[in-house]
Amino acid sequence: MNTHQSEAQCRTPRVRIAPSPTGDPHVGTAYVALFNRTHARQGEGEFILRIDDTDRSRYQESSEGQIFSALNWLGLDWDEGPEGGGPHQPYRQSERLDHYRECVSQLIDSGNAYPCFCTEERISELREKQKAAKERLGYDGACRNIDKAEAQSRIEAGETHVIRLKVPDSGETTFTDALRGEVKVANSEIDDQILIKSDGFPTYHLANVADDIAFGITDVIRAEEWLISTPKHVLIYEALNQPLPRFLHVSLLRNADKSKISKRKNPVSLDWFRQEGFLPEALLNFLALMGWAPDDDEEVFDMDTFQEKFRVEKLSTGAPIFDLTKLDWLNGMHIRRLEIEDLTERLISEGFAPPEASREQITTILPLVTERLTRLNEFSDKTEWFFAEPNPPAIEDLIPKKSDKTTSLQALTAAKDALSSLDDFTPEKIIPALDEVLETGSWKKPFLFMPLRFAVTSRRDSPDLVDVLAILGRETVCARIRKSIELLDS
RNA sequence: GGCCCCAUCGUCUAGUCAGGUCUAGGACAUCAGGUUUUCAUCCUGAGAACAGGGGUUCGAAUCCCCUUGGGGUCACCA
């Protein structure tokens with residue numbers, strides 16, 4: 001029955017994702033795209049982007065462009081798609097209506113599909129009855145045996161209708177999922193699926209099979225929510241006398257309560273991750289880890305490494321809860337792996353740098369904060385003292401615990417005097433100068449360094465103090481210390 | 001509810017296909033130390049799991065069955 005399934009595996013992979021332009025670009029799209037694209041690259045095959053826009057009621061015009069740019073942001077570029085060209089144009093399903101019509105007439109001719117004239121009212125009444133009687137929900141086949149000539153004339157008379165798949169009453173449909181093995185469903189459990197809606201547009205089931213055949217798709221790697229409708233697809237392939245692709249259903253990302261990931265319970269828009277300051281490589285790394293693990297325990301990796309090691313067959317079947325904690329850690333790791341110039345560029349182009357900041361300034365300050373950054377959007381806050389005059393520190397912050405006002409005043413004054421007389425304002429000069437201040441005043445280190453830190457940065461969690469001083473420069477440092485002295489004095 | 005899928009630390013997972021090397025490994029998170037003028041980085045350590053019950057076997061996290069739990073799906077949405 002499925003003898004064709006193994007043949008597909010020998011061919012150069014042609015895989016696809018088919019996002020629906022119905023809203024913000026979804027993290028699940030990136031998740032599935034990552035595995036598809038990587039699999040294609042490994043076999044030197046093609047990764048195809050198809051736009052699944054057959055639902056006119058949920059269609060959002062802006063969505064398609066957002067999907068493109070989100071995918072591009074992540075570096076998940078495609079070989080064939082709506083705008084990049086490719087040998088199977090068009091790649092938008094709304095533009096392929098003729099193709100589906102042709103496909104469906106073939107199905108009707110071979111007796112595998114039929115027009116159905118039932119009204120929506122009848123269908124919902126039927127469903128109510130079935131519910132009440134606790135029967136299996138589904139179409140009852142009322143239009144199955146309408147005479148072909150009669151059906152034709154009713155269609156020609158303009159009667160509203162859909163086209164349904166004629167599912168065998170008996171027997172079972174089987175296919176192999178590359179992760180879960182053989183899946184078997186009784187045909188009596190499969191509904192006479194609508195293939196063409198009354199508006200003339202195809203449903204997902206028809207459009208996807210028709211296009212996967214037309215595009216020569218070898219591996220259907222998609223979310224697990226499609227697993228149960230795969231038998232319908234298999235039936236269509238068989239009715240069309242086409243070989244089956246290899247099916248592989250990737251586990252669904254989950255909310256903390258284990259339900260399918262949703263925007264009510266999780267950030268799911270790729271735009272959100274971008275705005276929050278996650279690096280594409282970190283998000284991809286994180287997504288890769290949701291369902292796959294490298295055998296060498298090296299969990300921080302780039303896409304080249306991933307492509308070397310990943311095997312789509314090694315994807316796990318569990319239900320991964322989408323928990324951002326590890327993503328934060330990964331993001332920090334990837335930030336620290338980046339060259340300063342690269343990081344500078346990203347900060348600027350992604351809009352995380354203060355508008356008045358110059359490229360040189362950012363490059364200068366960046367080494368002091370990279371190990372303190374988990375998301376790029378924290379950059380401005382953490383470097384505020386560098387780019388602008390910070391709000392003056394609170395008086396109590398200038399006086400460390402167990403110290404007192406007089407001590408802070410003396411320490412700051414001594415530091416200011418020592419620093420202002422420095423000929424070179426470099427770490428090499430600043431360190432001995434401060435050491436000397438410490439020694440002559442015989443203060444505990446924090447009694448000098450904490451007031452100083454607050455005086456120049458107005459915050460407790462600053463980068464290394466000596467670096468801060470050197471970068472700020474003598475003039476600014478002395479001015480800020482002076483201000484704090486005045487503050488304490490008043 | 002029917003059908004289908006799934007089940008290892010709080011979370012992501014390795015180990016399951018080819019049963020012994022598993023007193024179950026790693027990572028994140030947590031906690032405790034260390035480094036340190038703060039925060040962070042970094043280093044060390046600790047606690048933390050095979051859902052339950054039956055089989056098969058000399059031996060089961062691994063194979064089989066049942067139970068339980070979770071999820072998906074049952075649209076003229078994808």
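Which side chain does E224 meet in a salt bridge? To find the answer, let us walk through this predicted model, in which local features need pLDDT of at least 70, side-chain atom pairs count only at pLDDT 80 or more, and totals for chains, interfaces and linings use all residues. Residues are numbered from 1 along each chain as its sequence is written, chains are lettered from A in the order in which they are written, and side-chain values use heavy atoms, without hydrogens and water.

Chain A is divided into domain 1 (5-81 + 208-250), domain 2 (97-196), domain 3 (338-387) and domain 4 (395-489), with bounds from an automatic or database domain assignment. Let us look at domains 1 and 2, whose C-alpha centres lie 24 Å apart. Their contact (heavy atoms within 4.5 Å) takes 20 residues from domain 1 and 24 residues from domain 2.

Together the two domains bury about 1900 Å², 70% of it on carbon and sulfur atoms; this is the accessible area (1.4 Å probe) that two parts lose on being put together, summed over both. On the side of domain 1, K232, L235 and L240 lose the most area to domain 2, together 28% of what that side buries.

Now back to the opening question. The rule finds one salt bridge across this interface, where a salt bridge is a side-chain nitrogen of Lys or Arg within 4 Å of a carboxyl oxygen of Asp or Glu. The side chain of E224 meets that of R180 in a salt bridge, at 3.3 Å from N to O.
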